[in-house]
Amino acid sequence: MRNLRSTVDAEALKLIRRYETYARELAEESVRRSRRSTSSTPRLQPMRPEYWALASGFDPYRVRSNAGAITHAIESAIRARGYRPRSPYGYLVPKPDGGERLVSVFQVADNAVSRLVYLSLIRKNLPKLSAHSYAYRRDLSAHDAIQYIQAEFATRDRLFIAEFDFSKYFDTIDHKHIWETIDEQRFLMTDVERRIVEAFLSAPLPRTTEYSEFEGTTRTEGVPQGTSISLFLANIAAAPLDRALERIGVGFVRYADDTIIWSPDYGRICEAVDALFEASKSIGASLNPTKSEGIRLLVTPELEQKAEFRSTTEVKFVGYEVGLHALEMKSETVERAKRHLQQLLYFNLLSELHKGTQDPGRLQGRVDRDYVVFIWQARRYLYGDLSENDLRTFERNGAPLRRFKGLMSFYPLVDDTDLLADLDAWFAAQSWLALRRRARLLRAAGIPALPPPHDLGIHDLIRYTRKSKTTGGVLDLRLPSFRRISSVIRRAAARYGPNAVGQGPPPYGY
């Protein structure tokens with residue numbers, strides 16, 4: 001198999017870098033905690049994933065050291081038609097709407113095989129996939145789907161919308177349906193690729209306990225979540241549904257099993273829903289009645305009270321809430337962002353005071369140093385690697401072509417400036433209130449003289465800067481802004497395209 005050795009090396013290096021980044025961040029947090037506290041704070045120790053110890057093939061350090069021998073063994077097995085991925089380890093991931101998802105972790109070299117086959121299959125079969133299917137492709141993205149929805153909705157004041165969710169889509173896809181679709185729609189696949197796909201489809205179910213490399217219950221339905229081949233197969237399974245919706249003539253977008261269908265014609269939207277139910281039977285994944293909104297009328301907010309059908313002003317899709325004329329972050333994302341910023345406030349400004357271990361030396365200077373750390377962390381969360389000066393330079397002169405980081409980089413198309421302004425106002429109020437509470441606790445602990453920014457009003461706090469005593473430069477402690485970073489990224493997306501400047505799709509837990 002061509003490029004297997006380099007792909008194994010790349011897979012191992014990716015995992016090593018991810019682990020070492022995590023370990024470095026823990027070490028930095030340990031230093032921050034020790035500086036805030038007068039007590040002895042234990043150093044935060046990075047924990048290696050427990051499955052690395054189950055077999056050497058899971059440990060990327062050991063795989064990188066033995067990549068030559070591992071690659072030779074796999075290539076020999078593939079030539080002899082005897083290749084089978086080793087049993088995956090399984091772990092549970094909470095779903096954002098409740099419940100848990102079982103994710104498979106294959107050994108590093110098996111992941112490399114899966115990735116190579118996926119890249120080959122997706123490259124030569126792209127023309128056979130619907131233009132309305134946006135997941136797991138190199139030519140389209142979640143941002144492209146959102147742009148298409150925006151263009152379709154922009155000139156409408158009302159549309160019929162159908163929203164139905166599959167129940168355990170990946171876990172229940174019928175293998176017979178996959179092979180029938182591959183054959184009927186003539187997807188291109190070599191004999192070697194077909195055998196490898198069969199091997200991953202029949203790989204043992206992931207085990208969370210009593211792991212064995214060569215034992216386990218053989219999978220008879222569903223595709224394992226956590227490996228690249230499954231991404232291609234998830235699109236294959238829904239390809240007949242895409243064709244049916246295209247023939248009916250409704251608008252739709254699909255991201256794996258997440259599908260939105262729309263039409264101004266109620267008859268056609270009903271026909272599309274019938275096709276969706278038929279497809280669910282063929283795929284083997286039933287529709288979830290508790291998570292499916294069914295057919296509703298999508299209207300502008302001013303028409304919601306006058307709608308003659310059950311109505312809504314927005315639909316949720318890949319991290320966004322899309323209205324006819326507005327695009328927002330999902331409300332769940334907004335709440336997660338608020339919780340994260342509140343945690344930064346608590347751990348930097350209040351935690352040690354509540355425990356009685358606040359180091360008073362952090363306040364003996366021209367500024368509250370714990371507040372400085374809070375600003376840096378909040379800025380990194382919202383802006384990524386940008387400073388406040390960088391952001392304001394981009395506001396004046398336009399941003400260069402670059403990949404933005406931070407929370408708002410996942411939402412380069414958000415245009416609800418009222419929501420972003422409300423978030424800025426909320427963040428300023430929370431920061432000011434946390435400082436007031438910190439001041440009360442410090443005075444109660446016998447520290448009456450407090451440095452800035454404790455003496456500032458909320459409006460001065462938003463734009464607070466001062467001269468650094470150590471460097472003589474400006475210490476920039478202006479509160480980071482949802483609205484400003486969003487504006488810069490949105491302008492960059494308008495110039496270079498959202499896929500060139502943003503991240504995506506938005507992660508569930510960010």
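Analyst: Tyr-19, Tyr-22, Trp-52 and Tyr-61 are joined into a cluster by ring pairs, where rings of Phe, Tyr and Trp (its six-membered ring) pair if their centres lie within 6.5 Å. The model is predicted, with local features needing pLDDT of at least 70 and side-chain atom pairs counting only at pLDDT 80 or more, whereas totals for chains, interfaces and linings use all residues. Residues are numbered from 1 along each chain as its sequence is written, and side-chain values use heavy atoms, with hydrogens and water left out.

Across the whole structure, a search returns 22 aromatic pairs. Among them, Tyr-346 and Phe-347 form a pair with 5.4 Å from centre to centre and 75 degrees between the planes, which makes this pair edge-to-face (planes over 60 degrees apart, as against under 30 for stacked and the rest for tilted). Tyr-346 has a relative accessibility of 32% and so counts as partly exposed, and Phe-347, at 42%, is also partly exposed; the class lies between buried, under 20% relative accessible area, and exposed, over 50%, with a 1.4 Å probe and protein chains only. By that scale, 50% of the 510 residues of the protein are buried.

Turning to the helices, the protein has 17 of them, together with 13 strands, taken as DSSP runs numbered from the N terminus (H or I and at least four residues for helices, E and at least two for strands). Helix 1 (residues 4-36) packs against helix 3 (residues 67-79) at an angle of about 130 degrees, their axes being 9 Å apart; axes are lines fitted to C-alpha atoms over the stretch in contact, and angles run from 0 to 180 degrees between N-to-C directions. The two helices, helix 1 and helix 3, are therefore oblique to each other, since under 35 degrees counts as roughly parallel, over 145 as roughly antiparallel, 65 to 115 as roughly perpendicular and the rest as oblique.

In this contact (heavy atoms within 4.5 Å), Leu-4, Arg-5, Val-8 and Asp-9 of helix 1 meet Ala-67, Gly-68, Thr-71, Ile-74 and Glu-75 of helix 3. Those residues divide into four nonpolar, two polar and three charged, with Ala, Val, Leu, Ile, Met, Phe, Trp, Tyr, Cys and Pro counted as nonpolar, Asp, Glu, Lys and Arg as charged, and the others, Gly among them, as polar.
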